[in-house]
Amino acid sequence: MLSLKSALAKPFAKQIYKRIRKWANTPVETQEQVFQELITKAVSTQFGKDHDFISINTYEDFVRRVPVRDYEGLKSYVELVVEGKSNVLWPGKPLYFAKTSGTTSGAKYIPITKESMPSHVEAARNAILMYIHETGNSRFVDGKMIFLQGSPILKEQNGIQLGRLSGIVAHYVPKYLQKNRLPSWETNCIEDWETKVDAIVEETLLEDMTVISGIPSWVQMYFEKLQKKTGKKVGEVFKNFNLFIFGGVNYEPYRAKFENLIGRPVDSIELYPASEGFFAFQDKQNERGMLLQLNSGIFYEFIRADEFYDDSPKRITIKDVELGVNYVMIISTNAGLWAYSIGDTVEFTSIKPYRVIVSGRIKHFISAFGEHVIGKEVEQAIQEAIIDTSVRVSEFTVAPQINPPTGLPYHEWFVEFENEPEDIQAFAKKIDVSLQKQNSYYFDLIQGKVLQSLKITKVKKDGFQDYMKSVGKLGGQNKVPRLSNDRKIVDGFSQLV
């Protein structure tokens, strides 16, 4: 018998479904309205005055006046806000700064305003409600839920709260979920990631966990510690666990490993959250891609990834995107980010409605020889190699080997296996064939004897975790880059292979 909470979830889910369908069915008009509201609201800010917002009537006006910037390009404005000045990028002051560790900029301070904060919470809620509407499954709302996240402890700087995004969001868990939510506040505040996960294992061990969420690599650590502690599959420990919610990285390379750890398949929902905004979530279990959030105070532009570094790359809006093209996503938001490149590349899998997959990072690619291999391609290649085998991969990254001791250069794959292939050369060949099929430049370089086939270097168990710990990036929202155009990361692996 359904509880009251479980029963009420279904009509609420239906209501949200209708609301989402309304804007999803009028995408261009919805984005036009968002655009006009953003410009109007920010016209008297310092940024608005500097870029003549009062004269912007059309998207073309905006493109002429506001260049595409990354964090470095916007940094002079952000620093004024950090100093405590008002009406710089957005009216008033932000409620929060989400502090992130940038690779080139050092610490980044991403503003979150009272207008932008609700979308971070509502999008995650709506993802669950769309799942309930589609599947009719609402029983999980009566069980315990966990989100592996950063510490909710915030600091104050010039009247603005400062913390990790996941820690900020922890302050906004709806009251009706508070009793169901784990870990406890005290456990969530533990800074050391391994200590924290150990505490979470102890706290959840005897609970009726139904929903588990987080970045797959860190949830994997939690599952492995659970299994070590109990000697059981996670699905035996938590018999009613049937929904995994994840974001941050592609789940597919982890899926076989997870199903082995759990002992059975479970439904999953993919999210696309970032400090800069909550961009998309999976709205259908059997459709590829996530529904782009067009009604959340974010105006989207797109630049083809292969043109991004041109002198004047063409900027387009939602109405001109094409399926299967790799785009750099540019955002303007009600948190005061303007024509801002977050560094992600996306590919549209559907335009009715608009759904995307995250294909990689514009700075994370290998083109040491002109091949421009991207994250999506290496992930698909390893997935295809694993199909119908008992091979399970815990983690991997790829780098070019430009000056090998002998022979031609090649791509070196650093792979941590949970279950190794019997013939590692044959496994590497499968990956290489898939990459050649996907990427014509790579195919030409192999066929033209510029490159030799890729080589796999095995990483010891927990090697990637050890590496992340050594560089101070264990846990939270930190992720191992799938590939790099140099060997800076893998040169730190010498003790791990």
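**Exercises on a predicted model**

The model is predicted.

**Exercise 1.** What span should helix α10 (residues 193–204) have at 1.5 Å a residue?

*Solution.* The expected span is 1.5 Å times one less than the number of residues. Helix α10 has twelve residues, so it should span 16 Å. Now check the ends. The end C-alpha atoms of α10 are 16 Å apart, which agrees.

**Exercise 2.** How do α15 and α16 lie to each other, and which residues meet?

*Solution.* Take the geometry. Helix α15 (residues 424–438) packs against helix α16 (residues 440–447) at about 120 degrees, and their axes are 5 Å apart. The two helices are therefore oblique to each other. Then name the partners. From α15 come Asp 432, Leu 435, Gln 436 and Gln 438; from α16 come Ser 440, Tyr 442, Phe 443, Ile 446 and Gln 447. Sorted by type, the contact residues are four nonpolar, four polar and one charged.

**Exercise 3.** Is Ser 275 buried or exposed?

*Solution.* Locate the residue: Ser 275 is in the loop between β9 (267–274) and β10 (277–281). Buried means under 20% relative accessible area. Ser 275 has 6% relative accessibility, so it counts as buried. Finally, Arg 164 is 111 residues from Ser 275 in sequence, yet their C-alpha atoms are 8.3 Å apart.

How values were computed:
Residues numbered from 1 in each chain as written. Predicted model: local features only at pLDDT ≥ 70, side-chain atom pairs only at ≥ 80, totals over all residues. Heavy atoms only, no water. Axes fitted to C-alpha atoms, helices over the stretch in contact; angles between N-to-C directions. Helix = DSSP H or I, 4+ residues; strand = E, 2+ residues; numbered from the N terminus. Parallel < 35°, antiparallel > 145°, perpendicular 65-115°, else oblique. Contact = heavy atoms within 4.5 Å. Nonpolar A, V, L, I, M, F, W, Y, C, P; charged D, E, K, R; others polar. Buried < 20%, exposed > 50% of the residue type's maximum accessible area, 1.4 Å probe, protein only.
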